[in-house]
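Hi,

Here is the structure I promised to pass on to you. Please open it next to this email, and then read on for what turned up in it.

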Amino acid sequence: MSLLRFLLALLGKGNPKTITDEEAIHKYLETQRSFYFDLIYERYAPKIFGKSLSLMNDEALAQDCTQEIMMKILLNLSKFNFQSKFSTWVYSITYNFCIDKIRKRKKNPSIAVDDFSYFDREDNEIADRHLKEVKLERLKIILEVIPISDKAILLMKYMDGLSIKEISDIISKSESAVKMKLKRAKEKFVVVHNKRFEALEV
């Protein structure tokens, strides 16, 4: 039994899985008992590491980011207003922290993509189909070439399965702005794919 589980059992809290995020937050803010934040840490540190790794592509850097993000969450926990899901708030902090870190390190330069004439259809079915059919090794290459903000929104939509509303909450943009940003990101993805790989398929 972990120390966290032992302490919760000692306090009559039973299985920590039955304690909601909101309850753990309230209890931590009321009592400042570290095991309530440890519960949040156990739940979210692996998720934050996974998100950081998918954006940073560097395990050591993702580990460092995870620790810094968890510290940021701890220091700002009192600012969480419970108006959105706690997981969305955590994702927002993770997203913004990683984007800022990558931009400062200049590890993901933008590309020049100026021909979108192929994508006039409003529903953008071609881009959707293209993303689903791209081979994994090519997918990784393309995601490292397109701008980090485009990479992030594509990962949120197609890897994490987030809704437009959830993405809107995370990046603090209107739903219509998210739809347009997602559309442009898919367009860039297909253009880069064609420029990089179409010669190999001739």
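Let's start with two helices: the axes of helix α4 (residues 59–76) and α5 come within 10 Å and cross at roughly 130°. Helices here are DSSP runs of H or I with at least four residues, numbered from the N terminus, and axes are lines fitted to C-alpha atoms over the stretch in contact, with angles from 0 to 180 degrees between N-to-C directions. The angle makes α4 and α5 oblique to each other (under 35 degrees would be roughly parallel, over 145 roughly antiparallel, 65 to 115 roughly perpendicular, and the rest is oblique). Their crossing is right-handed, that is, the near helix is turned clockwise from the far one by less than a right angle. On the α4 side, the contact (heavy atoms within 4.5 Å) includes Leu61, Cys65 and Ile69. From α5, the residues taking part include Phe86, Trp89 and Phe97.

Before going further, please note that this is a predicted model, where local features need pLDDT of at least 70 and side-chain atom pairs count only at pLDDT 80 or more, while totals for chains, interfaces and linings use all residues. Residues are numbered from 1 along each chain as its sequence is written, and side-chain values use heavy atoms, leaving out hydrogens and water.

Helix α5 (residues 86–105) also packs against helix α9 (residues 164–171), at an angle of about 55° and with the axes 8 Å apart. That makes α5 oblique to α9, and this crossing is right-handed. Among the residues that meet there are Tyr91 and Tyr95 in α5 and Ile170 and Ile171 in α9.

Now for the rings. How many aromatic pairs does a search of the whole structure find? There are seven, where rings of Phe, Tyr and Trp (its six-membered ring) pair if their centres lie within 6.5 Å.

Phenylalanine 80 and tryptophan 89 form another tilted pair, at 5.3 Å centre to centre and 50° between the planes. Phenylalanine 80 is buried at 4% relative accessibility, and tryptophan 89 is buried at 17%.

Best wishes

Definitions and conventions. Phe/Tyr/Trp six-rings, centres within 6.5 Å; stacked < 30°, edge-to-face > 60°. Buried < 20%, exposed > 50% of the residue type's maximum accessible area, 1.4 Å probe, protein only.
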